[in-house]
Amino acid sequence: MAIFQRLHMPALEGATGWLNSEPLDSAALRGHVVLVDFWTFTCINWLRTEPYIRAWARAYREDGLVVVGVHTPEFSFEHERDRVRQQVTERGIDYPVALDNDYAIWGAFDNHYWPALYLVDRDGIIRDHHFGEGRYEQSEREIQRLLGVQRDRTPVEADGVEAEADWDNLRSPETYLGYARGDLPATTEHLRLNRWGTAGVWTTAAERVVLDEPGGSLVFRFYARDAHLVLSRSASAPIPFHVRLDGEPPGRDSGVDVDGHGTGLIDDGRLYQLVRQRDRVRERTLEITFDERGAEAYVFTFG
């Protein structure tokens, strides 16, 4: 907190657009307590914080809190306004969202993380910040302190991909697939824990791998309750896919984007939850096979 105690909130100039609001500037926000939330819609860490941001925005709005979401895209398809708008609608986000496609606001804050929270007092001074998940109780106390209110913590309900991770059983890291940040795939036979591989004909690009012929698969050996994969498509039509856990349909261990038979559909660029283990969490092999060429896979995440 100390490094921000005398820093004024940077201007919100440079946004490439706004959702849920006319453009906001520092002068319009003066006199309000402001919570700035940097996010990108495929980020599982942001998805698990969003129920808290949403709840605080509604609980403290009449007390003078203004939440401003700053959507700074991680992947190329996240630059598309309509896709961000769709996520805003699906997540029930009713506070202002600045589209930061050029990273202008990100740079003004010298930010480096998704999610990142900056709490600003009524004089425009940044008084608190937090990067990543957690620390919700302290963040809400800081909101109350700056607003001059005192009450019980706001109740928060989170399910699906927004549910808190099973931290005690999380032993697999975020794993990028493109050559810019990813590790090279391994052979799919006898994969070691936290290694991934491909079957079929794939092209590796900077931020993703792209399937060139129908029937290709991705395989990951993981240890976590949840397994997610950020997917998009270059094909014009949605692409069916099929998930197997240790060679079998997932059944009751299917994620929200897969049925018990393991069937899912790439309908848009976003994060897909493939697995949620309902019983004992253990090491598993996940295989996802795509019916058509043009499937694009970016990053595996776990929870």
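Visitor: Which ring does the charged end of R171 sit over?
Guide: The ring of Y223, with the charged end 4.1 Å from the ring centre. A charge sits over a ring if NZ of Lys or CZ of Arg is within 6 Å of the ring centre and within 35 degrees of the ring normal. R181 lies over the face of Y176, 3.9 Å from that ring centre.

Visitor: Ground rules, please.
Guide: The model is predicted, so local features need pLDDT of at least 70 and side-chain atom pairs count only at pLDDT 80 or more, while totals for chains, interfaces and linings use all residues. Numbering starts from 1 along each chain as its sequence is written, and side-chain values use heavy atoms, with hydrogens and water left out.

Visitor: Now the open sheet. What is the order of its 6 strands?
Guide: β1-β4-β3-β2-β5-β6, with mixed pairing. The edge strands are β1 (17–19) and β6 (126–131), each pairing on one side only. The twist averages 20 degrees from one strand to the next. Strands here are DSSP runs of E, at least two residues; helices are H or I, at least four; both are numbered from the N terminus. Two strands pair if DSSP finds at least two bridges between them.

Visitor: What does β2 pair with, and in which sense?
Guide: β2 runs parallel to β3 over 7 bridges. It is antiparallel to β5, with 5 bridges. L35 shows both: its bridge partner in β3 is V67, and it stands opposite L119 in β5.

Visitor: Is β2 mostly covered or uncovered?
Guide: Mostly covered: 7 of its 7 residues are buried. Buried means under 20% relative accessible area, exposed over 50%, partly exposed in between, with a 1.4 Å probe and protein chains only. V33, L35, D37 and W39 point one way, and V34, V36 and F38 the other. In a regular strand the side chains alternate between the two faces of the sheet.

Visitor: Which strands does helix α2 lie across?
Guide: Helix α2 (residues 44–59) lies across β2 (33–39), β3 (65–71) and β5 (116–120), at about 160 degrees to β2. Axes are lines fitted to C-alpha atoms, for helices over the stretch in contact; angles run from 0 to 180 degrees between N-to-C directions.

Visitor: E50 is in that helix. Buried or exposed?
Guide: Buried, at 0% relative accessible area. Leaving aside neighbours within four places in sequence, E50 is in contact (heavy atoms within 4.5 Å) with D37, I93, Y95 and E162.

Visitor: New topic. How many aromatic pairs?
Guide: 23. Rings of Phe, Tyr and Trp (its six-membered ring) pair if their centres lie within 6.5 Å; planes under 30 degrees apart are stacked, over 60 edge-to-face, the rest tilted. One of the pairs is F77 with Y298, edge-to-face, at 5.1 Å centre to centre and 70 degrees between the planes.

Visitor: Where do F77 and Y298 sit?
Guide: F77 is in the loop between β3 and α3, and Y298 is in strand β17 (residues 295–302), 221 residues apart. F77 is buried at 5%, and Y298 is buried at 1%.

Visitor: Why is the F300 and F302 pair stacked?
Guide: Their planes are at 10 degrees and their centres 6.4 Å apart, so the pair counts as stacked. Both F300 and F302 are buried.

Visitor: Last one. Where is D253?
Guide: In the loop between β13 (239–245) and β14 (263–266). D253 counts as buried because its relative accessibility is 10%.
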